[in-house]
Amino acid sequence: MNEFTRRKLQREIRKYHLAKEGLLAIDEKILELEDRKTSIKSLDTSSVPNYGGGSKHEDSLLDIISDLDMLYRNRKYISRSCGIVEKCLNALPKIERSVLLKLYGEKCNIEIVKRHFNYEKSAIYGIANKGLEEFGLLLYGEDWYFLFRNGKFADKITLFLWYYDIGDIEDKEYNTSFL
């Protein structure tokens, strides 16, 4: 896997981690705005508005409604993108998922990750590399692997054999008419 692809996948994991944190903040902000909206609605708005526009209460109510609309849309978008990444992460083995989230999501120092998992540095990076490759395959599909394998284009038969874990192409004859 080339460096560009590795960094892209690391950013996806970091964005996922931050988005999960952001969802909690959005929910709290929505609750706060809903409370403010209720308190403004309880004010007497039956008075005749001033010439040239509505009252300051009506203006603040419109601001709150537009902020709520924006937050609901953002929450829906972030939830959808988090759901996609979460499905991919959940398909990984538990150790790979945990290492990826610690290293790239939480941005923990390698020494902390080593102590947490009780592995050597090289083993942690090996698990992370394998996890990143599988995560990329799950997130972007076969075409991703085809385009970015070791920074070169992989041939289709190698991709097929690797994906279905059949073996090496050198020692077997395969029908490639489906490619």
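Is Asp 69 buried, exposed or partly exposed? Asp 69 counts as partly exposed, at 39% relative accessibility, where buried means under 20% relative accessible area, exposed over 50% and partly exposed in between (1.4 Å probe, protein chains only). This is a predicted model, in which local features need pLDDT of at least 70 and side-chain atom pairs count only at pLDDT 80 or more, while totals for chains, interfaces and linings use all residues. Residues are numbered from 1 along each chain as its sequence is written, and side-chain values use heavy atoms, with hydrogens and water left out.

Asp 69 forms a salt bridge with Arg 73, the closest N and O atoms being 2.4 Å apart; the term stands for a side-chain nitrogen of Lys or Arg within 4 Å of a carboxyl oxygen of Asp or Glu. The two residues are four apart in helix H2 (residues 56–91), so about one helical turn separates them, helices being DSSP runs (H or I, at least four residues) numbered from the N terminus. Arg 73 is exposed, with a relative accessible area of 54%.

The structure holds 11 salt bridges, and Lys 130 takes part in a pairing with Glu 96, where the closest N and O atoms are 3.1 Å apart. Because Glu 96 lies in helix H3 (residues 94–105) and Lys 130 in helix H5 (residues 121–140), this pair ties together parts that are 34 residues apart in sequence. Glu 96 counts as buried at 4% relative accessibility, whereas Lys 130 is partly exposed at 46%. Lys 130 also forms a salt bridge with Glu 134, at 3.0 Å between the closest N and O atoms.
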